[in-house]
Amino acid sequence: MDKNEAKMYEVFEELGITDFKVVEHQALHSIAESDSFDLSIADLNVKNLLVKEKKADKYYLILIDEHKKLDTKHFKEVTGWKKVNFSNDEQLLEVLGLPPLSVTPLSLFNDVDKRVTVVLGKDIV
């Protein structure tokens with residue numbers, strides 16, 4: 001068990017979350033790939049995207065319906081950003097302590113500097 005997983009269980013315990021199921025699987029590169037592993041939970045499947053403002057140390061963790069595309073035009077209008085940059089592997093490790101292709105809201109406890117703002121797509125709220 002790595003430190004991220006251990007921290008997740010610690011947070012679950014602190015919050016009194018005891019009824020959960022852990023499913024181990026390889027890193028998945030796409031929604032289509034995850035569909036082939038039958039990991040879906042009806043109405044609970046989201047795409048997690050970590051984006052960074054180019055000129056500042058500000059990130060958004062965007063959770064949208066798994067089959068939707070991020071409307072970057074709308075996102076830029078709302079944030080005032082000129083360009084939406086998806087975080088790279090180094091940023092993902094630095095900010096959320098995660099390896100590539102592992103974006104998850106469960107890693108937000110690693111953001112000790114509070115650089116990440118969570119955004120929920122209207123289809124999942």
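1. Glu 77 sits in helix α3, where helices are DSSP runs of H or I with at least four residues, strands are runs of E with at least two, and both are numbered from the N terminus. With a relative accessible area of 55%, Glu 77 is exposed; exposed means over 50%, buried under 20%, and partly exposed in between, using a 1.4 Å probe and protein chains only. Its C-alpha lies 18 Å from that of Leu 63, at a sequence distance of 14 residues.

2. A word on the source before going on. This is a predicted model, in which local features need pLDDT of at least 70 and side-chain atom pairs count only at pLDDT 80 or more, while totals for chains, interfaces and linings use all residues. Residues are numbered from 1 along each chain as its sequence is written, and side-chain values use heavy atoms, with hydrogens and water left out.

3. Now for the overall layout. The protein chain has four helices and four strands, and their order along the sequence is α-α-β-β-α-β-α-β. The C-alpha trace spans about 40 × 30 × 25 Å along its principal axes.

4. Of the 125 residues, 29% count as buried. The chain exposes about 8900 Å², with carbon and sulfur atoms supplying 53% of it; accessible areas come from the Shrake-Rupley method with a 1.4 Å probe, and for residues only the protein chains shown count as cover. Among contacts (heavy atoms within 4.5 Å) with a separation of 6 or more, 47% join residues 24 or more positions apart.

5. Gln 91 is worth a look in helix α4. Its relative accessibility is 17%, so Gln 91 counts as buried. Leaving aside residues up to four places away in sequence, Gln 91 touches Lys 52, Tyr 59, Phe 86 and Leu 96.

6. Val 23 belongs to the loop between α1 and α2. This residue counts as partly exposed because its relative accessibility is 44%. From Val 23 to Lys 47 the chain runs 24 residues, and their C-alpha atoms are 17 Å apart.

7. On to the pockets. A pocket is an open set of points on a 1 Å grid over the protein atoms alone, with protein on both sides within 12 Å along at least five of seven lines; a 1.4 Å probe fits at the points, and lining residues have an atom within 4 Å of a point. The largest pocket has a volume of about 2200 Å³, volume being the space filled by probe spheres set on the points, which are joined across faces, edges and corners. His 25, Asn 48, Ser 102, Val 103 and Thr 104 are the closest to its centre among 48 lining residues. The elements giving two or more residues to this lining are α1 (3–14), α2 (31–36), β1 (46–52) and α4 (89–96). The lining divides into 26 nonpolar, 14 polar and eight charged residues; Ala, Val, Leu, Ile, Met, Phe, Trp, Tyr, Cys and Pro count as nonpolar, Asp, Glu, Lys and Arg as charged, and the others, Gly among them, as polar.

8. The second largest pocket holds about 410 Å³. Its lining has 18 residues, with Ile 64, Leu 70, His 74, Gly 121 and Lys 122 the closest to the centre.
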